[in-house]
Amino acid sequence: MHMICLVKQVPDPETPSASFRVDSAANKVVPATGVAPVISPFDEQAVEVALRIKDKHGGTVTAVSMGPASARDAIKHALAMGCDDGILIDGPAFEYTDSYSTAYTLAAAIKKIGDADIILCGRQAADWDGGQVGIIVSEMLGIPALINGQSTDIIGDKKIKFERVLPDGLDVYESATPAVVTFSQEVGQPRYPTLRNIMAAARKEVPVWGPAELGFDPNEAAKSRAKTKLERLFVPVFEAKVEIIEGENPAESGRLLAMKLREAKII
Amino acid sequence: MADEKGVMIVGELVRGTPAPICYELLGAGRKLADSLGEQLSILIMADNISSDTTSDLIASGADRVYAVAHPVLGKYHPDSFAAVAEKVAKDKKPNILLMGRTEVGQDLAPMLSYRLDAGLLMDCLDLKIDPASKMMIMERPVYGGNARSVLHCETKPQMASVKPKTQEPLPKDTSRKGEVETISVDLSPSINRTQFVEHISWVSEGVQLESAELIISGGRGIGSTEAYKATIDVAAKVIGGAAGASKAACDAGYAPPGNQVGLTGKRVSPTLYVAVAISGASQHLAGMGTSKNIVAINRDPDANMFKVARYGVVADYKQVMPAFIEKLKELLAE
């Protein structure tokens, strides 16, 4: 049993919005000072699912991240949680990407790794919130995708059970492997790295793959080119248009608020 | 890339009738089609499609309804629906292809984009046509709602999935004229590579958070599980809405994890969202920032929630909520 987790490094989504900045000339987010980037939370939950499977059935888990050199830290985090190997995909060729071109590169990496039974990732990454990469990877590999999961487990030879989270409950599916599975917060709290794993992760070599290692020829750049174009990135300005309701005392304010909602026909 | 014409919607039916997203997409799609001077069509897939349904879609804005009925399409499955939508889209060659970022669109849209070799943007809030290029310009939230991005597709069809409850449906007009085209398909159940086994319903009291029009939510400032129950649960019940919570309140154990609204929780967009003792971290705003009317109750006048709120009360919630709930009861009983 070999599992591949796709993990992305993102600016810490818990950063207070007051310190969130955009460089509108470059259409890029300016990292908040003193806040280290993190593994995208849903990807971390996908790692947790892979490790639960490994705990129960054995097997190996490879964490793959596409990103700048700093994304090595996201891989090291996955290794410290208990993944066996990590691969960083980095290079100038991968700088401007959209969901399609990211999926193209990740699918090439998965093919090169070769023997994956289950490919796991988050429902969406906490930076661009695209929600497409896992599914497009599955299409590129010609295998099914099961999305928005709470859990998955092996239930037979080359067979998995998957619980998809819906607003009113769970849909349970079975699928042959290989398959792509994506996860979100319903997985629950990911495990904390143990000291032993942190030390092992620190020593672990993380190879870097570029276009050459992925076997990309010059035409590949055209084939993997982004299909969408970012024109503008900005921080929405919410005009402070709040109407503060002030009664003679807090209880009176509460009553006035209820009346206000009624008058505005909101309730 | 010159042949593509028209705006096509991939619709969704719930027990045979159009889901709310159909009307929202028809409202948004009508504007795009009119500014391009092109037709608006909607594709629906089900085991049975009644003429009431197709007439309703025409009255709601469609010039043309593509109706595909087949027993395999009785329950949504990404594989069978993607295969049919791919066939229809390749045959009709729309300029723009829209769907909802619903449970259906979340896997169907990326699958289709790959099969149509087309760029796609998910969870769009606003769509318009650039007057110069005639391309669709899409605005979508990124970084958990901290930022907005404006993008276009460089391929056709230009694909977007649209955030539910963000688009205005058109008023129904039964005098509108449109055509229905029935498309037959050959499908085998084996097209579905994964097998649906069962649905497990969550036992929940009251209204589902994601579909609720009225939500009362509590934050860490609520202080205890008992206070959450006595204040948030009770207020939600009084107004016939759902109870929500911030991540901090869930992490502290005051509210059940299923109530979490936010970046790593549920995304909601109700008519009324009352944030009680929630400061308004970006994590939380990501899940509820598009609510139509936000109310903030917080003793900290600098709380971020007041920046997005329509109404605010600056006071300790413990002194506000009992009177607020009593008054609501009284008003709703009238």
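**Strand pairing across the chains**

I started with strand 11 (residues 169–176) of chain A, which pairs with strand 13 of chain B in the antiparallel sense over seven bridges. I note the rules here: two strands pair if DSSP finds at least two bridges between them, and helices (H or I, at least four residues) and strands (E, at least two) are DSSP runs numbered from the N terminus. Within this pairing I looked up A:Asp171, and its bridge partner in strand 13 of chain B is B:His199.

This is a predicted model, where local features need pLDDT of at least 70, side-chain atom pairs count only at pLDDT 80 or more, and totals for chains, interfaces and linings use all residues. Residues are numbered from 1 along each chain as its sequence is written, chains are lettered from A and ligands numbered from 1 in the order written, and side-chain values use heavy atoms, with hydrogens and water left out.

I found another cross-chain pairing: strand 14 (residues 228–234) of chain A and strand 10 (residues 147–153) of chain B run antiparallel, joined by six bridges. Here A:Leu230 has B:Leu151 as its bridge partner.

**The interface**

I checked confidence next. The complex gets an ipTM of 0.92 and a pTM of 0.88 from the predictor. Chain B has a mean pLDDT (the predictor's confidence in each residue, from 0 to 100) of 94, and 98% of its residues reach 70 or more.

The contact (heavy atoms within 4.5 Å) takes 81 residues from chain B and 76 residues from chain A. Together the chains bury about 7,200 Å², 60% of it on carbon and sulfur atoms; buried area is the accessible area (1.4 Å probe) that two parts lose on being put together, summed over both. In chain B, the residues losing the most area to chain A are B:Tyr143, B:Trp202 and B:Tyr311, together 11% of what that side buries.

I looked at B:Tyr143 again for its backbone: phi is positive, about 50°, although the residue is not a glycine. B:Tyr143 sits in the loop between strand 9 (136–142) and strand 10 of chain B.

**Charged pairs**

For salt bridges I used a side-chain nitrogen of Lys or Arg within 4 Å of a carboxyl oxygen of Asp or Glu.

Within chain B, B:Asp63 forms a salt bridge with B:Arg176, closest N and O atoms 3.2 Å apart. That pair links distant parts of the chain, 113 residues apart.

I also checked B:Arg115, found in helix 4 (residues 105–115) of chain B. Leaving aside neighbours within four places in sequence, its contacts include A:Glu139, B:Asp79 and B:Arg193.

**Cis peptide bonds**

I noted a cis peptide bond from A:Thr177 to A:Pro178, omega near 0°. A:Pro178 lies in the loop between strand 11 and strand 12 (179–183) of chain A. In chain B, a cis peptide bond joins B:Lys156 and B:Pro157, with omega about 0°.
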